[in-house]
Amino acid sequence: MGIRSHISHLLDVTDLTKSFKGLHALEDVNFQVDADEILGVIGPNGAGKTTLLNLLTGYLLPTRGKIYFEDKNITGLRMPAVTRLGIARTFQNIRLFGTMSVLENVLTAQQLRTDFSLPEVLLGMGTFRRKERELVEQAMEHLGYFDLQDQADRPANSLPYGMQRRLEIARALATSPKLLLLDEPAAGMNISETDALHEMILEVKQRFHLTIILVEHDMRLVMNMCDRILVLNYGRVLATDRPEAIRQNAQVIESYLGKSHHTAAS
């Protein structure tokens, strides 16, 4: 894992390309993300947004290109290693451990950063029991941030949809990330739920000192919350700019936003 000589961005992506049987899902994608920034990623269906998140988290390996995180070359690392370095994500389709309890979902994520020795586990030593209690306390604290502490013993798949979304974010935060990737967190939500999500994400960002990449179709959420927006189209970067400039970008309007979005966002 290579380390460059100086740190310029939290995340630096260079010529990132992913091909499936010769077809480019992403091609020569270049962008950077600074610490404490919220970068929105938008584009039509099939533009490569989820493929991008899968590559950044090690769920997929790139065909070519480089990914640097905190100036370390993480290209080719698999998901557990990437998560340990400080990148976590949620999924477009919720992927909770449905039959496990709400608390157990968060505990499972926390264990990625917890070191238990084999003797501690097998012998039930005092240090193991102490660490276990601390993990439960930390997990309940995470659930409290999302008003889920009263649901701790319920199976995750018994929660209403909005609570499941919140739990998925809580589970991602339990890995202590520096960079949080959110894949369409507002999917299936109404306007009031989306507004509440907006406030929650901003509170979480401040509380945990996070940098965020947000993939989202809700343009009102993206335009109001993001510092910059990356637009993908057919696997390539169409534009990267601040929201007000993206609103006025003729190529973006033509290929994705459309006149109705342009008018509504103005």
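1. T211 belongs to strand β8, residues 211-215; strands are DSSP runs of E of at least two residues and helices runs of H or I of at least four, numbered from the N terminus. The model is a predicted one, in which local features need pLDDT of at least 70 and side-chain atom pairs count only at pLDDT 80 or more, while totals for chains, interfaces and linings use all residues. Residues are numbered from 1 along each chain as its sequence is written, and side-chain values use heavy atoms, with hydrogens and water left out.

2. T211 has a relative accessible area of 2% and is therefore buried (buried means under 20% relative accessible area, exposed over 50%, partly exposed in between, with a 1.4 Å probe and protein chains only). A polar atom of the T211 side chain lies 2.7 Å from the backbone nitrogen of D36. Neighbours within four places in sequence aside, the contacts of T211 (heavy atoms within 4.5 Å) include L10, V33, D34, A35, D36 and E37, and also K178, L179 and L180.

3. The largest nonpolar core comprises 46 residues; such a core is a set of buried Ala, Val, Leu, Ile, Met, Phe, Trp, Tyr and Cys residues joined through side-chain atoms within 4.5 Å. Those with the most contacts inside this core are L143, F146, L167, L180, L197, I212 and I229. Apart from neighbours within four places in sequence, F146 touches R166, I169, A170, L173, M200 and V204. A second, separate core of 26 residues includes L16, L26, I67 and L181.

4. Two aromatic pairs are counted, where rings of Phe, Tyr and Trp (its six-membered ring) pair if their centres lie within 6.5 Å, and planes under 30 degrees apart count as stacked, over 60 as edge-to-face and the rest as tilted. The rings of Y59 and F91 have centres 6.4 Å apart and planes at 70 degrees, so this pair is edge-to-face. Y59 lies in the loop between α1 and β4, and F91 in the loop between β6 and α3, 32 residues apart. Y59 is partly exposed at 39% relative accessibility, whereas F91 is buried at 11%.

5. For Y145 and F208, the ring centres are 5.2 Å apart and the planes at 80 degrees, so the pair is edge-to-face. The pair links helix α5, which holds Y145, to helix α7, which holds F208, 63 residues apart.

6. The charged end of R89 sits over the ring of F91, 4.0 Å from its centre; the criterion is NZ of Lys or CZ of Arg within 6 Å of the ring centre and within 35 degrees of the ring normal. K18 lies over the face of F20, at 5.3 Å from the ring centre.

Terms used. A polar contact is a pair of N or O atoms within 3.5 Å; within protein, one must be able to donate a hydrogen and the other to accept it, and residues adjacent in sequence count only if both atoms are side-chain atoms.
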